[in-house]
Amino acid sequence: MSQGEPSEIRQGAPDGIETARVVDAAGSEDERTVEAALRPRRLSEFPGQNRVCDQLSLVLEAARGRGSAPDHILLSGPPGLGKTTLAMIVAAELEQPLRVTSGPAIQHAGDLAAVLSSLDEGEVLFLDEIHRMARAAEEMLYLAMEDFRVDVIVGKGAGATAIPLQLPPFTVVGATTRAGLLPAPLRDRFGFTGHLDFYAPAELSVILHRSAGLLGVPADSAAIDEIAGRSRGTPRIANRLLRRVRDWAQVHGNGRGDLPAVSYTHIRAHETVLDLVCRLLLAKNKQHKHASQYVCYTRTTTKNWQQI
């Protein structure tokens, strides 16, 4: 499931199933806007993913020392783990502007040519969901990443000619939730590949303490640890639950994120980190043996059910 693709239960679902799952790692546009205020700005502020951050820091520091653009960077992993945040950090560490686009937005080679031809030297181009880019655009990107050149086709048929357009050095940061869908020639052109893993509860606690401070929410350590344990190793889910606890504490509690607020808010996350949909699936496990039966019961799509 892509990050821009919301997971939801369709109308007609059994009573009690929420239309938006609180433990869904894919965020909506509004939610990502809220998250922007919580994003760390530097690698030193980025908690967790130590191996990826250490290697990425080495790549960026070496590039700054040479005064050149670093190798192209590919970030892979499940949604909500910080791929977009790391792309923004790369641009900030290099002190270069960030150009943001996505694979689904580039459906023709001309779309990519327009983006590439407008890049300045050293600029960082962030391609989210890069595996969803059109094949013709992928082939153009091969040449642009390797030789910093694109061939613009002028004319049609036998009279068509290719005009080479030289590009200034730039850095592509690609993000994907499905690295296996990337063609091998495209993967090979990334000099650095980092896979983001799920976070440990202790790392999520660090993130939640920081987010609570930015949101102005007084929070107890015990409550923070409880939220971290229910967040499926995903910072996006952790921050979402924290905001839900903040809302409950503001309306019904004493304004403080404590254990009562965590317990009585409408998180409804089970101690085994299963939400209502998951528990319903397990309860019906003996009755339904095929994926299509689960899809029918939960009123969702096959693609979304696979992510549940």
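A: Leaving aside neighbours within four places in sequence, isoleucine 73 is in contact with Leu56, Val90, Val172, Val173, Gly174, Phe190 and Phe192. The model is a predicted one.

The largest nonpolar core has 36 residues, and Ile73 is among those that touch the most other members, together with Leu43, Leu56, Leu86, Val90, Val173 and Leu208. At least two residues of this core come from each of H2 (50-66), S1 (73-76), H3 (83-94), S3 (124-128), S6, H7 (201-215), H8 (221-229) and H9 (235-251). Helix H3 gives the largest share, six residues. There is also a second, separate core of 24 residues, which includes Leu112, Leu125, Met145 and Phe190.

Next, the aromatic rings. The structure holds one aromatic pair. Phenylalanine 148 and phenylalanine 170 form this pair edge-to-face, at 5.4 Å centre to centre and with 80 degrees between the planes. Phe148 lies in the loop between H5 (135-147) and S4, while Phe170 lies in the loop between S5 and S6 (171-176), so the pair ties together parts 22 residues apart in sequence. Phe148 counts as partly exposed, at 21% relative accessibility, whereas Phe170 counts as buried, at 1%.

Last, the surface. Val152, Val154, Ile163 and Leu165 make a nonpolar surface patch of about 280 Å². Strands S4 (149-154) and S5 (161-166) are the elements that give two or more residues to this patch. Val154 is found in strand S4 and is partly exposed, with a relative accessible area of 41%.

Definitions and conventions. Residues numbered from 1 in each chain as written. Predicted model: local features only at pLDDT ≥ 70, side-chain atom pairs only at ≥ 80, totals over all residues. Heavy atoms only, no water. Patch = residues over 30% accessible without salt bridge, like charges linked within 9 Å, V, L, I, M, F, W, Y side chains within 5 Å. Areas by Shrake-Rupley, 256 points an atom, 1.4 Å probe, with all protein chains shown as cover. Salt bridge = Lys/Arg side-chain N within 4 Å of Asp/Glu carboxyl O. Helix = DSSP H or I, 4+ residues; strand = E, 2+ residues; numbered from the N terminus. Buried < 20%, exposed > 50% of the residue type's maximum accessible area, 1.4 Å probe, protein only. Phe/Tyr/Trp six-rings, centres within 6.5 Å; stacked < 30°, edge-to-face > 60°. Core = buried A, V, L, I, M, F, W, Y, C linked by side-chain atoms within 4.5 Å. Contact = heavy atoms within 4.5 Å.
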